[in-house]
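Here are some notes for a colleague opening this entry for the first time. They are meant to be read beside the structure.

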Amino acid sequence: MEDGRRTRLGFLWRLVAVAWVAILAAPVEAAEGRRGPPRHAYVAMMYMGTPRDYEFYVATRVMMRSLAKLGVAADRVVIASADVPIRWVQTMKEEDGVKVVTVENLKNPYEKQGNFNSRFKLTLNKLYAWSLVAYDRVVMLDSDNIFLQRTDELFQCGQFCAVFINPCIFHTGLFVLQPSMDVFKDMLHELVIGRENPDGADQGFLASYFPDLLDQPMFHPPVNGTKLDGTYRLPLGYQMDASYYYLSLRWRIPCGPNSVITFPSAPWLKPWYWWSWPVLPLGLSWHEQRRNTIGYGSEVPVILIQSVMYIGIMALTRLARPSLSKLCYNRRPEKSFAFVHSMLKVAATWSILAAYTVPFFLIPRTVHPLVGWSLYMLGASALASVVINAFLLPALPVLTPWLGILGALFVMASPWYSNGVVRALAVFAYAFCCAPFVWTSLMKVMASVQVLLEREAFFPRLVESTQPPEFNKLY
């Protein structure tokens with residue numbers, strides 16, 4: 001009897017233990033069942049038809065890779081126009097791990113507005129973000145964002161949230177939305193009926209569609225991780241305008257975490273261009289992200305070819321100089337060649353100008369600034385050597401602008417300025433002091449050209465007498 005009672009008690013305890021395990025495991029199993037694929041996404045947009053399509057493709061890849069390195073708990077999606085090259089799409093999918101959604105370009109009904117800028121023609125494709133109903137929340141991004149830290153708390157925001165960089169107009173370089181086909185269809189309807197749009201782009205349309213966002217409360221993510229309803233203003237730290245940094249050369253954004261840098265500047269001053277640093281110091285931050293993500297492998301062959309070409313040009317022109325020098329000998333100037341002499345002065349001036357401009361346009365636009373500026377200085381010195389040897393000019397006056405540019409780079413790159421105003425004044429003072437030397441060098445070049453022309457260094461045979469030597473002796 002005692003053994004039977006113990007057996008029954010042991011069986012009862014086992015039933016209780018199993019029951020408690022089932023009760024404790026139920027929430028875990030339910031959570032695992034709900035987990036599935038990510039319900040959030042960071043989304044960027046890509047379309048074709050601008051002179052800078054490749055640069056924005058590279059910028060999008062860098063931004064998406066940087067989000068992956070931060071370990072964001074969301075999908076990374078690119079809304080790509082149907083005309084985006086297939087090889088770009090495949091690269092983003094296979095190498096970057098990005099999901100690509102292919103769409104047809106939305107027709108922009110505001111093209112005939114007087115203030116319409118054609119480079120914003122296809123920015124209304126951003127509205128496709130509302131059609132991504134597989135996600136509960138979406139953070140829509142422009143490609144010119146630099147993420148300093150994870151921003152997954154943004155997925156707790158409401159149906160629409162954006163940052164006010166301008167005191168009265170929110171910025172659409174980053175905003176949070178809740179996808180909805182009803183909202184998407186209503187937006188398309190508003191495009192058809194011609195809703196007011198101040199700039200004809202996505203910025204003006206969304207500002208018109210959400211006109212009361214300025215009066216909404218500031219977003220503060222709930223500690224318990226729940227999602228908010230409604231519309232909210234995002235703290236400025238989620239879209240830190242680069243111009244704030246250039247004023248003080250450091251970040252002083254008081255509200256919200258300093259998470260994302262944006263560059264709403266002129267197209268040619270975007271951070272991925274090699275010349276943006278040290279003109280705009282933050283360009284180096286973007287290139288540091290590229291170096292740590294996709295690298296510069298696609299530009300390396302072009303850089304090596306140009307470097308070898310410039311070194312070869314310098315060697316050849318140096319070897320050819322003795323032969324050119326033998327052409328110089330004294331002769332009496334011929335008045336009939338005055339026009340040719342003037343044209344040669346112009347040719348010398350334009351050749352010097354070309355020596356300093358042509359290399360700039362040959363360098364791949366998105367290389368690292370240190371590589372870009374080094375290649376530019378090498379190319380400028382190589383082409384300047386061609387001018388020096390072709391026109392038999394003194395080297396120092398021709399290379400004075402080269403030295404001036406090198407000095408300007410050091411002045412701008414100096415890390416010891418207390419703020420942006422001091423830096424700007426230092427650059428201005430350097431330019432003011434350097435200008436007389438550049439002007440003097442140009443005058444010396446013109447004087448050298450004049451001396452060579454008077455000696456007829458370039459066309460000595462054209463003015464020779466056509467009379468036979470015997471006649472000259474008799475005369």
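How many of the five residues of strand S4 (residues 137-141) are buried? The points below start there; the model is a predicted one.

1. Five of the five are buried, so strand S4 is largely enclosed by the rest of the structure. In a regular strand the side chains alternate between the two faces of the sheet. Here both faces are covered: Arg-137, Val-139 and Leu-141 are buried on one side, and Val-138 and Met-140 are buried on the other.

2. S4 pairs with strand S1 (residues 40-46) in the parallel sense, over five bridges. Within this pairing, Tyr-42 has Val-139 of S4 as its bridge partner. Strand S7 (residues 171-177) runs antiparallel to S4 and is joined to it by four bridges. Val-138 stands opposite Leu-177 of S7.

3. The model has one disulfide, between Cys-157 and Cys-161, with an S to S distance of 1.9 Å. Both cysteines of the pair are buried. The torsion about their S-S bond is about -105°, so the disulfide is left-handed.

4. Two other cysteines are worth a look. Cys-168 is exposed, at 58% relative accessible area, whereas Cys-434 is buried, at 16%. The closest cysteine sulfur to that of Cys-434 belongs to Cys-433 and lies 8.6 Å away, too far for a bond.

5. An unreviewed UniProt entry places the feature "transmembrane region" at residues 337-358, 370-392, 399-418 and 424-442. In the model, residues 370-392 are 91% helix and 0% strand, with end C-alpha atoms 32 Å apart. Residues 424-442 are 100% helix and 0% strand, and their end C-alpha atoms lie 26 Å apart.

Notes. Residues numbered from 1 in each chain as written. Predicted model: local features only at pLDDT ≥ 70, side-chain atom pairs only at ≥ 80, totals over all residues. Heavy atoms only, no water. Buried < 20%, exposed > 50% of the residue type's maximum accessible area, 1.4 Å probe, protein only. Helix = DSSP H or I, 4+ residues; strand = E, 2+ residues; numbered from the N terminus. Pairing = 2+ DSSP bridges. UniProt positions renumbered as here; feature names shortened; annotations may be inferred. Disulfide = S-S within 2.5 Å.
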